[in-house]
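Thanks for coming, everyone. Please look at the screen while I talk. I'll take charged pairs, then strands.

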Amino acid sequence: MMGKDFTWAEEMNCAVTVCDKQGIIIYMNEKSRATFGKYGNLIGRNLFDCHSDESKAKILHMLATGQDNSYTISKEGKRKMIYQTPWRQDGQIAGMVKEKLTCKELIDKLVSETDALIKGAGFYV
C-alpha cells in the first residue's frame, strides 16, 4: 500500500509532499521537511489550510479529474518548478503528490526564451 511505503521519495533530490484525497498531509521527505520546517511538523495537517482559495480549487479539480498541474515560483532568489499529480491506489485517486524542484539554470533559460517569444509576437511582459 502506497500510504505506508514512501522509501522511493526519501532521498529524492527535490521536496516531495504527499496528501490523501481530503488534503491531509501523510508524508514529507527530508527536503520537504527542511523546506517547510519553520511551520513545524505538518504531517496530519490539512494542506488546504495553507493554500489560497484559487490553489484549493486547482487541487480539488486535480483530485476529482486526475489531471496534473505544474507551475514555477520564485522564492528567496531561487526559481522552482512545482509538479502536482494525483496518486492512485487500486486504480482510484487516493491523493496528491507535490514535487518542488530547484532548477534555476533551466528555468531561467525557459523564462528568457518565453519572454523573447512573447516580445517577438508584439506582447510585453
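Why does Lys56 count as partly exposed? Because its relative accessible area is 26%. The scale runs like this: buried is under 20% relative accessible area, exposed is over 50%, and partly exposed is in between, with a 1.4 Å probe and protein chains only.

Some ground rules. This is a predicted model, where local features need pLDDT of at least 70, side-chain atom pairs count only at pLDDT 80 or more, and totals for chains, interfaces and linings use all residues. Residues are numbered from 1 along each chain as its sequence is written, and side-chain values use heavy atoms, with hydrogens and water left out.

Now the salt bridges. The term means a side-chain nitrogen of Lys or Arg within 4 Å of a carboxyl oxygen of Asp or Glu. How many salt bridges does this rule give? It gives three.

Back to Lys56. Its partner is Asp53, with the closest N and O atoms 3.6 Å apart. Both sit in helix 3, residues 53-65. They are three residues apart, about one turn of the helix. Asp53 is exposed, at 60% relative accessibility.

A word on naming. Helices (H or I, at least four residues) and strands (E, at least two) are DSSP runs, numbered from the N terminus.

Next pair: Lys58 and Glu54. Their salt bridge spans 3.5 Å, N to O. These two are separated by about one helical turn, because they are four residues apart in helix 3. Glu54 is exposed at 55%. Lys58 is partly exposed at 44%.

Then Glu10 and Arg33. Their closest N and O atoms are 2.8 Å apart. This pair links distant parts of the chain, 23 residues apart. Glu10 is in helix 1, residues 7-10, and Arg33 is in helix 2, residues 30-35. Glu10 is partly exposed at 24%. Arg33 is partly exposed too, at 40%.

On to the strands. Is strand 5 mostly covered or uncovered? Mostly covered: eight of its 11 residues, 92-102, are buried.

Which way do strand 1 and strand 5 run? Antiparallel, joined by six bridges. Strand 1 covers residues 15-20. Two strands pair if DSSP finds at least two bridges between them.

Strand 4, residues 78-89, also runs antiparallel to strand 5, with 10 bridges. Find Lys100 in strand 5. Ala15 stands opposite Lys100, and Lys100 is also the bridge partner of Ile82.

Last stop, the turn. Strands 4 and 5 form a hairpin with two residues between them. Asp90, in that turn, has a positive phi of about 55 degrees.
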